[in-house]
There are 2 protein chains.
Amino acid sequence: MSNKKERDITTEQKILEVATEVFQQKGYAGARMQDIADKAQINRAMLHYYYRNKEKLFEGIFQNAFQKLIPSMNEVFDADLPLFDKIRQVVNNYITLVFQNRNLPLFVLHELQQNPEKFVSNFFVHHTRPNPAKLIQQIQEEIKAGNIRPIMPQHLVMNMMSLCIFPFVSQPVFQQVFQIGDAQYEQFLESRKTEVAEFIIESIKVK
Amino acid sequence: MSNKKERDITTEQKILEVATEVFQQKGYAGARMQDIADKAQINRAMLHYYYRNKEKLFEGIFQNAFQKLIPSMNEVFDADLPLFDKIRQVVNNYITLVFQNRNLPLFVLHELQQNPEKFVSNFFVHHTRPNPAKLIQQIQEEIKAGNIRPIMPQHLVMNMMSLCIFPFVSQPVFQQVFQIGDAQYEQFLESRKTEVAEFIIESIKVK
DNA sequence: TTTATGTTTAACTTTTCTGTTAACGCTGCA
DNA sequence: TGCAGCGTTAACAGAAAAGTTAAACATAAA
């Protein structure tokens with residue numbers, strides 16, 4: 001019994017693990033059940049045994065992937081810190097997160113484009129809707145207090161996210177443009193953990 | 001004869017037009033030849049008549065799409081303008097370009113992730129490799145002259161691109177986050193044509 | 001009018017991928 | 001010992017997509 005359960009869990013989790021990798025790499029349409037089975041070293045029928053069909057399997061993975069990105073966004077928004085510190089922390093956290101989940105952003109963005117509705121249902125079900133209200137208010141207060149120059153909070157939030165995420169999704173392009181190898185690009189990304197925050201702060205601070 | 005040729009061109013171009021749309025929307029794996037044929041209002045066999053097979057059809061479209069993005073990048077790099085003006089112009093041009101080719105960036109990024117080699121061959125064949133050398137030099141000179149604060153040129157270039165492109169690829173996410181509709185988001189993007197440039201300049205200028 | 005050539009169509013073939021089923025086997029328990 | 005139940009497998013069925021072919025069609029030139 002315990003042996004069985006152990007194996008169950010191992011197989012089931014192994015599938016999820018591998019499927020996550022494959023779906024994130026190839027996207028829903030490009031992923032092959034056979035490929036997932038091969039990489040998990042199991043019979044293809046097992047995929048259907050544990051997860052009824054491709055769509056169900058995908059569903060779980062997408063939800064999961066998506067949920068990984070939201071809480072970190074809310075960290076950004078809700079943290080109880082002075083604005084500049086918050087920016088530094090958020091940027092650092094977010095870049096670190098994406099470091100560990102390389103093709104998560106592109107995966108989510110690509111699937112979302114095809115199927116923006118997935119969003120709404122996902123959001124409303126899990127109640128983890130990103131809520132930038134607090135951050136936006138904080139920005140407005142800092143502007144009013146004259147600590148930063150006037151700027152639409154939405155632009156600031158968008159800029160923050162853009163500067164964090166885009167360098168990951170555009171890696172192949174920029175490695176070519178800058179003519180640098182994998183290791184160097186890693187370093188480049190690493191250096192952005194501090195660079196991006198400073199770039200933003202320099203832009204908005206009143207000197 | 002002239003009638004034939006006219007029709008040839010019409011059909012052939014119609015295919016290319018429609019296929020571009022479908023491929024950019026769905027990606028290679030998600031695109032269906034039948035779907036392309038339907039939208040072009042032709043028999044599916046015609047696709048094979050004009051473009052041997054799916055891969056060949058895709059190839060042409062990808063090259064084309066890709067080529068659309070490179071010249072504009074080089075405009076950024078090579079223009080003979082003072083740095084700040086260059087930034088303003090580049091940002092404006094690039095955002096305008098993406099405006100007219102909404103799903104081009106996500107398409108290219110997604111396909112490139114699966115197949116980074118497509119790049120190299122593409123680049124070397126067409127000799128239109130993006131070359132940021134001039135811009136990088138210009139940035140270094142401005143730093144030396146004390147007109148802007150010290151910053152790695154690669155970061156600056158990356159930031160520029162990120163701020164221009166990411167808001168387009170992440171549209172579904174941010175419409176939800178900011179709770180705004182299509183029309184308003186359009187306006188938001190529109191306003192970034194100037195906003196982004198000022199954001200960058202504010203960050204690097206010495207006050 | 002006939003013929004040659006390029007275009008278009010419908011029907012068919014092949015391949016690829018997903019989903020199902022029935023049988024086998026292991027393991028724990030009566 | 002045998003049986004109950006889950007896990008596993010191979011083989012199969014079905015659907016969907018890509019690709020092919022042969023004949024019909026249109027048009028321009030002879």
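Student: How many disulfides are there over all chains?

Tutor: This is a predicted model, and a disulfide is counted where a pair of cysteine sulfur atoms lies within 2.5 Å. For C164(A), the nearest cysteine sulfur is that of C164(B), 17 Å away, and C164(A) is in no disulfide. C164(B) is likewise in no disulfide, with the sulfur of C164(A) 17 Å away. Over all chains, the count of disulfides comes to zero.

Student: Is C164(A) buried or exposed?

Tutor: A residue counts as buried under 20% relative accessible area. The relative accessible area of C164(A) is 2%. Because this value falls under the cut-off, C164(A) is buried.

Student: Is C164(B) buried or exposed?

Tutor: The relative accessible area of C164(B) is 2%. With the cut-off for burial at under 20%, C164(B) is buried.

Student: Which residues have the most contacts inside the largest nonpolar core?

Tutor: The largest nonpolar core has 135 residues. Leaving aside residues up to four places away in sequence, I200(B) touches I87(B), V91(B), L156(B), M160(B) and L163(B), and also F199(A). The residues with the most contacts inside this core are I200(A) and I200(B).

Student: Which elements of chain B does the loop with P130(B) lie between, and is P130(B) buried or exposed?

Tutor: P130(B) is found in the loop between α7 (117–126) and α8 (133–144) of chain B. Its relative accessibility is 4%, and the cut-off for burial is under 20%. Therefore P130(B) counts as buried.

Student: What separates the C-alpha atoms of P130(B) and I201(B)?

Tutor: Along the chain, P130(B) and I201(B) are 71 residues apart.

Student: How many helices and how many strands does chain A have?

Tutor: From the N terminus on, the elements of chain A run α-α-α-α-α-α-α-α-α-α-α. The C-alpha atoms of the chain fill a box of roughly 65 × 45 × 35 Å, taken along the principal axes. Chain A has eleven helices and zero strands.

Student: What percentage of the residues of chain A count as buried?

Tutor: Chain A exposes about 10000 Å², of which carbon and sulfur atoms supply 51%. Among its contacts with a separation of 6 or more, residues 24 or more positions apart account for 73%. Of the 207 residues of chain A, the share that counts as buried is 51%.

Student: How far apart do the centres of the positive and negative side chains of chain A lie?

Tutor: Chain A has 24 positive and 23 negative side chains. The centres of the two sets lie apart by 4 Å.

Methods: Residues numbered from 1 in each chain as written. Chains lettered and ligands numbered in written order. Predicted model: local features only at pLDDT ≥ 70, side-chain atom pairs only at ≥ 80, totals over all residues. Heavy atoms only, no water. Helix = DSSP H or I, 4+ residues; strand = E, 2+ residues; numbered from the N terminus. Buried < 20%, exposed > 50% of the residue type's maximum accessible area, 1.4 Å probe, protein only. Contact = heavy atoms within 4.5 Å. Areas by Shrake-Rupley, 256 points an atom, 1.4 Å probe, with all protein chains shown as cover. Lys, Arg positive; Asp, Glu negative; His and termini not counted. Charge placed at Lys NZ, Arg CZ, Asp CG, Glu CD. Core = buried A, V, L, I, M, F, W, Y, C linked by side-chain atoms within 4.5 Å.
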